[in-house]
Each structure stands twice: as structure tokens, then as C-alpha cells.
Amino acid sequence: MGEALRFDSVELISDTMEKPLLDNRSYRVIQLPNQLEALLIHDPDTDKAAAAMDVNVGSFSDPDDLPGTAHAVEHLCFMGTKKYPEETEYSTYLAKYGGSSNAYTASTSTNYYFELSASSTSNSSGSSANKKGPNVSISKNMSPLYGALDRFSQFFIQPLFLADTLDRELRAVDSENKKNLQSDTWRLEQLGRTTSNENHPIHKFATGNYQCLFEEPLSRGVDVRKRFIEFYDTHYSANCMKLVVLGIEPLQDLESWVQEFFSNVPNKDLHRLRWGGIPVLTESELTTQIFVKPVTEQRQLNIDFTYPDEEDLVDSHPSLYLEHLISHGGPGSALAYLKELGLADSLSAGASALCPGSALFCIDVRLTEKGVRQHREVLKIIFQYISMLRENPPSAWISDETSRLAEVQFKFKQKGPPSRTVSGLAQLMQNTCIPREQLLSYPLIRNFDPENIQRGLSHLRPDNFRFFLVDQQFPGVWNEREKWYGTEYKLEKIPTDFMQELWTIAHATATERPSRLHLPAVNEFIPQRLDVDRKDVTEPARQPSLIRHDDHVRVWFKKDDQFWVPKANIKILLRSPMVSLTPTYAVMTRLYVDLFEDGLDEYAYNADKAGLSYNISENAQGLIIELKGFNDKMSVFLEKVLLAIRDLEIQQEQFDVAKERVWKAYKNFDYLEPYRQINTFSRLLINERSWASSQLLEELPAVTAEDVRSYIPQLLRQMHIEVLVHGNLYKEDALSITNLVKSTLRPRQFPKSQWPSRRAIAPPSGANYLYERVLKNPDNVNHCLEYIILVGSVSDRSQRAKLLLFSQVVAEPCFSTLRKKEQLGYIVNSAIGVYVTTGTWRILVQSERDCKYLEERCDAFLETFAHELRAMTDEIFEEHKIGLINRLLEKLKNLDQETSRFWTHIMSGVLDFEQVYHEVEHIEPLTKKDIIEFFNQYIHPSSSARAKLSIHLIAQTSTRDPADAGYSAAIGENVDASVLRRDQNAVAVNGHKHSVSPATIPIDNVRKWKASLPLSPAATPVKGLAEFEGFGLKS
């Protein structure tokens, strides 16, 4: 069919594109006869293909009596089409080519996207499956993208909305919503919607739940399936869709395929959605103060101004001028002054386009405890800063500076993941004001637009705003509950006397404002030297060279040989035995890092805006300092960072603020969604030494400012320095950087013989352990299971290869069974993990179902999968193998990815820089028989050799089974809950009868349990350090 269609049946919109300097892709924008617009991207170097479709409909179009409809329709489009009725066809096809897919529903868009291997043959040069040479065009029948587009296009032509999938997917929507019920981000978002103009679509409940999408409509006699089909038929139209396809194939082939598969998408000639005549906030909602009680410990002041829609101002982006100044963190800024007064520690600002015709300008301030009490003072300072801006007409030099920064960032932008690229571009294409030649260069500021800057600034008035004050204690009384999330709040008009104060401030003169508030100085970090010394190589080096190695330091270096950007990454490990030796030391290290960041932020702000950033963090091995970005002024910045580390001065007020921040972070851990908590417990159990947040929180109150002052010199006194320098720098630069670190910090030698080894538990064959813990949040309804199988040392390359291939083969059936068919919960995934040298495979499920039930379903799945694995054809098995190999060999997209790979291997201590190539080498000869034997020995529930660790995080509140009320006995104290349910009866589920094995060993005392087990070998380098040495390296 594709070959029969003529080129002139497609309208060429553009075949030119403003691109970053090193972008070697080709672009073409076309429009099909059905008015569907598509952007085609030919990437000659890609090994991943991707596509995305953005449909101009979202939650703002939900029927008033059926909130969440757009989201439900998004889910149901995945559940089978007329051409491909099997609901797992699409996901199975993608999985065998190492691919994945996802979608999201926004206010005015529903965005579907996928990615997968660009080739159906192995990218391994030594593979027998590699039948084609490089740069040979892939025929459509051999292209995974061709088959994926075929399946994907049917979402927009004829999805089935099968009745027997309806209930399951609506429960998936419900589970997704319940996942977010205790998330303050979602709660505050919905409260902002609920308290907005009820005539504006922002007022709606976007996610939907089972009650409003099924139970309540059913009680009214509504046929919800029929309503979903009507919504789809009404809003899914080709002329409202934007398609982006990225592949290795020539543009003409991509165009032919898009014609073939998407020409039959129905066109209903719909108008683009717009809500220009309806205000987001009316007089009733403006000048209100809304006090909110959050789930977690946080103190936030969120300010909303109504703001003009700037969708058509694509050449000037005037709101960025105001965003740049109001969110500035350097000297003269509102934030710097608020920090000086101890009222706040962060501030962000910017315009938020809600939909065509509606926008807000938001200022979000993270307050201190003092700032909550004095929140009016914070508001005054912000309006004083706005008053200062109003007094100073828009300056061309400030606009030029932001324009220059945007230009430099665009010019040297590197490639990102294909799925993210296509999804973002498809959504951006919905803005029809953007010339198609400027889709990539949209962020550039082409014109200085003082008139529209002034127009925007004129909206930042006391009569055109409202604010939310978020705190668990203030004001102490909240008299309303938000309908969908149950958020407690109190809404009232801002008192008249305070409004008068704000109006006075808004019209104040310079002499009536604090002198500390003024415009920023010129940003001296804007890079000037952007030259790159490019020397093309036959093949990029796979590892850095060791260019210095002595008792004090180890320096790894690689000059960039494939990305050619004027950027570099520096990573420094200050290896110290003290950083996390005890919970007290770990707490003091955390406070030190927090105080350091707070002290440097004002100086570092300009560097960050100019594309040069830093980060400091701590882990079990020591302190990690990272610098990344344009290399022009990197050494100057590094010196300032090192001096700040060495010479940190701690003032009591700063310490109190930092301690409050750290306390909130530790305390809030218990209120994270369960699936975000559970990995902390697996690390606690499997790693030889690890501390729980509760242990750190227990030590925090006793730590004083004087304790940290005394601790810092001890911490810095003895260290080993490990450095990685990577990018547009030379060997001499790397050695100079190392000398700067050593001479500035001047640590004593920390001999390698004293470095603590890192090891993990090594449970015996047949072990079956269970760790249970009652979750602290009384309002959380979700349990969480991590079902972990330990498979021994993955230093054995053959064992590692089997683990990887098994994980590839089992991933899609696991998700389809437990998430789609059984609807255990929205969060279901399987993955491998490596703890030092110990390999694991795990299933993670968050669900309203209790953990015992979830574990039984995991066992049942694995027993069923044993039959599926044996029945798998050799052809399908080989496709999985090729998909895995191609995923492992996926090309690095940018400098940061390569740096991250190098640093991971350095930090592991194994230095296995060529790991992926060894993995491929050992995967290629594996047969289905090998994986069956691996599965039977290590994974199958009936295996006497299997070593398993289950972690049960138990919700206090249950919406499913009244028997779960028995948990309440353990709620009083947040301790191991292994005493619960040990004598529960076996249950029969779908014909599968399985009871917890008598061999299950509960973990009542973590420390005692770990002490009873042998440990894995410590990590050791794959080869001697001398083999990495490049002391004579020239570049």
C-alpha cells in the first residue's frame, strides 16, 4: 500500500530546521491529506527508533459528570485495536526489540510515545545474528520501527475499548490515583485547581478514580464504555494530532511509512482548543489566603498572579526576563535578602501556560520556621522587589544576557533519549505559532520586547494575586477539606490592612525599600572560549586512562573524542573512613553538606545560569564533588568550591536552618509513597553497612553547631583523593585540577590498606527470609512488596549474562500478568540489581492488596512462566537476545552519559569499563536451555537452591480486606512487624494454592540477622591498575 501512494499526496511544510551545531540529523515536516502533521527525523547514528503522537485533548475537555475521562481513554487505547485485538500485542512487540512505551494526559494534550531498537539484527560486530553491515538501509520488513508504527497507528484509527478490559483499566486509573493521594505535590496541585474559577476547566479533577469513572456513573445508569467511545470519537481527530517519528531510515522511507499507517486516521476538522475568554481566577478567588496542612513536613509559600498568555510571543519570550530577575539567587535578589533574614532558603518563579488563553505567574518560596511565622514579611519583600523592577525599565543588557545564555545552550545542545525527544517535540508542535523551522530553536530569545515585559510586570499587583501558605502547624485550624484528595485547608480574604500595606509597598520609592534589593550585576560566568580541539578517531576510547597514581591520589582522564562540545565533567571522591562510620557521623556529614551548599549558593547562582553547575553529596565511601558544564571558567569555579569546603564557617542561625531542613528530610522519608521507600530497606538488609532514616533521625537532635565545627577538620584531615576529568580538557588540565584539590585541602594520606571493604550478605541456598514493617503514614492505603531473589556473584560473567537475559525475557510477561491482567496495582515492575558483587532479580508491587496475597501472586506467576519459558520458540528467544544485546550496546548520547558510565565503574571498585561488551560476549552463546536451567535453579518457587528475601511494607489503613484490621496491633510503634500474620492460612487464588513455606525465617532484628550470615567477596578490579596507566598520554 505504501509504495502505491504518491509523493504529491503529502504537503511538504518544511524541510529545513535550525539545529544545534553538532546535530547531524535530517528533518522534514509534512502534512497528510487528512491534515495530520508529522515531523520526520532521520538520525544516521541512532540505534534506537522512536515515535510520539500528541492529541490536542486532555483533562480540560472532560465531561463535568465524568471527571478523568481523557485519562481513562488514554489507558484504554493500549488495550487492543481492531487490527491487533490482543491487548499485549503492542507491549510484547516492543519488548522483544528492547523497547518500551508510555503515555500521559495533560490539560490540553494526551501524549503517547514509544522507543525500541532501530534494528532487528544484533548490533554486536561479533554476533552471528548480525547479518548486515554498517550504513546499509534496513528494509521495512526488517525494521522494528515499521512494525511498531503499524501497531501504534491503530490507537488512533480503531481502538476496541473492549468491555472485558474496561473494569481492569479503570482500576488501574484508580490505583494510579491512590498512588498519589498522599503526595503533597498532587494534593497542592488539585487544591489549586479546586479553589480556582469553577467556570474554568482548570477546576476539574484530572486523574479520575474508580468511583467517579465507574461506580457513581453506573448508579445513574450511565454506560461508561459508550461515553468513553463518544469522547474518543468527538476529540480524536487527525487535524488535532501531531506525530513525530525518529529512525535510522531515510526521510523518504519514514514519510512513506507515515503515509501508509496514518493516512486512515479520521479527520473531523476540529478547532484547536482555547479558553481565552474565561479567567482562571476571578475577583472572588483573587486576594485570598489559603492555609494548607500538608502530609509531610514542609513550609511553603506559593504565590499565583494571573498573567497574559504569551503563546504567540515565540520570538521574545518576555516572561523569561521577569523569571530571570525574580528567581535570581545572587547578590541583590529577593532570595539573598530572605536568606540573610533567615526567612527562606529557596525561591523559584516563572510563567505557567495552563492552556491557550490562560496563564499564571507563580512564585514559590521554601520557608524556614521563622519564615512561616513572618510570612507577611516575606510577601512584603517580594512586592518590594517587584516594585524595584517596576521602577527600572526593562534593560536591553539583561535581555541580551539571557539571550546569549539561551543561544550558547542551544548551539551546543547534545542528543537525548529518542523517546524524550519525540514526545517533547510532538507536544511543542501543538503551538501553531512556532514556525516549523524553529521547533528545535524555540527557546532562543530573538527580540528584546520591553512593551510585553512591562505588560507582564503590570500583572504582578496586590489586587491580582493569591497565596497558599503550607505548614503542618500554622495556623492550627483548617476548616475545609478538598473533595478529591482530602487536603485540609482554610480559605479567607487577605485582611484589608495587609492589602493596604502591600499597595503602599507596590508604589514605594527607592528610598523606602531595603537597599539590599537591586538588579543583578553582569554574569561573569558566561563562557567566552567555546573552541573545541577536535581530533577524529577511528573508534572512541572505551575507558579513561590512569594518569596519576600514588599514595594520595588517583587521577582518571579522558579527553572527549566523540561529542565535541566545549564542556567537561569533573568528579572528585574525597574518600574518608569517617563519612558514615556511625549514624552520628552520617548526620554530621549531611549537615556539613547542607551548610556548604547554603553558603555557596549565592556565588554559584550565576555559574549555574551560565551552564556551569556543581553538586556535593555523600555516600558510604566519602564526599563526592561534581562540576559539569562549559569548561571555560571551570577551574576558577572549582577553586571557589574547594575553598568553601575547607573554610566553611558555621553561624548558629544558619546551623538551625540547616538542621531544620535535614530534620524534615529524615522525617518525611516515612511519608513517601511506599514504593519509593522500599529500596532503602533492601539496601539496609543486603548491604553490609547501611543506616535507616529512623536511625539518623534519632541522632539528629543531639548534634550541635559546635559538634559540626569540630567534626569538619577531622573529616578533612585524612582522605584519599580520586579524580575523573572528562571532556574538552587536556591531560595537563586534569593534573592541574588534581594539584589544586590536593594543595587546597592538604589531607593526610589515607592508605589503601585502611580503606573499608564494601560487601553484601550472601544467604545460603534455600534461604527464605521475610522482613515486615508497618508504614508510619496512617492515611496511606497502599502496601508494598519487594520480592527479591539473590542469584550469587555476578563477578562470574556467565552468571551475570544469564541474569540479564532472564530479566529481559520475563519483564513483559511479568508486567502484563501482574499489572494488566490481575490489576494488583499501578506500580508493578521487575528488574535486576547488583549489591557490590551480589546479583538480584526482583518484582516490586505497590497495591491495596495485602503483601501476603501479592507474594502468592508472584509465586503463581513464576510457576506459570515456567511453562511459558519452555514453550517459547527459538525464534522468539533469539529476538529477545538480540533486543537485549542492542539495548546494552545502545550508543551513548552525550558527554554526561559517558562520564556517568566511567564514574559508576570507578566507584564500584571493579573498574570494569568494558563491562557491556563482556556482557554481550557472554550473552551471545546462551541458549534457551541455559535460561531454563538458570530459572529452575535460582528463580522457580519450588527450587531448593533458591535464596529469597521478601520485604513487606504494610499499610495501617486498608480499603480491601477487613481482616487487615489485624495489623492495628503493630501500629503503635514503627518497628519490624514480622510478628504479624505468620500463622495465616493458605489461600486459593485462581486455582493456585500456595502457603508461606514453613522454612520462611522472619527478620526480627536486622543487625543480629546480618551478623549471622556470610558476606560476599569485596569488589576487586578486573585487572591490575598498571593496565590502565597512561602517564605518557599526550592529550
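Analyst: Buried area is the accessible area, taken with a 1.4 Å probe, that two parts lose on being put together, summed over both. The model discussed here is predicted.

User: What area is buried between domain 1 and domain 2?

Analyst: About 1400 Å² is buried between domain 1 and domain 2, and carbon and sulfur atoms give 54% of that area.

User: Which residues of domain 1 lose the most area to domain 2?

Analyst: They are Val57, Glu87 and Ser107, which together account for 38% of what the domain 1 side buries. Glu87 also forms a salt bridge with Arg168, with the closest N and O atoms 2.8 Å apart.

User: How many salt bridges and polar contacts are counted between domain 1 and domain 2?

Analyst: The count is one salt bridge. Six residue pairs are in polar contact, with both residues at pLDDT 80 or more.

User: Which elements give two or more residues to the domain 1 side?

Analyst: These are β5 (100-105) and β6 (110-117). The most comes from β5, with five residues. By class, that side has 10 nonpolar, seven polar and two charged residues.

User: Changing topic, which residues does the UniProt domain annotation "Peptidase M16 C-terminal" cover?

Analyst: According to the unreviewed UniProt entry, that annotation covers residues 225-400. Over residues 225-400 the chain is 37% helix and 24% strand, and the end C-alpha atoms lie 54 Å apart.

User: Back to the pair, what separates the centres of domain 1 and domain 2?

Analyst: Taken over C-alpha atoms, the centres are 25 Å apart. The contact takes 19 residues from domain 1 and 20 residues from domain 2.

Key. Residues are numbered from 1 along each chain as its sequence is written. This is a predicted model: local features need pLDDT of at least 70, side-chain atom pairs count only at pLDDT 80 or more; totals for chains, interfaces and linings use all residues. Side-chain values use heavy atoms; hydrogens and water are left out. UniProt positions are given in the numbering used here, feature names are shortened, and annotations may be inferred rather than shown by experiment. Helices (H or I, at least four residues) and strands (E, at least two) are DSSP runs, numbered from the N terminus. Domain bounds come from an automatic or database domain assignment. Contact means heavy atoms within 4.5 Å. A salt bridge is a side-chain nitrogen of Lys or Arg within 4 Å of a carboxyl oxygen of Asp or Glu. A polar contact is a pair of N or O atoms within 3.5 Å; within protein, one must be able to donate a hydrogen and the other to accept it, and residues adjacent in sequence count only if both atoms are side-chain atoms. Ala, Val, Leu, Ile, Met, Phe, Trp, Tyr, Cys and Pro count as nonpolar, Asp, Glu, Lys and Arg as charged, and the others, Gly among them, as polar.
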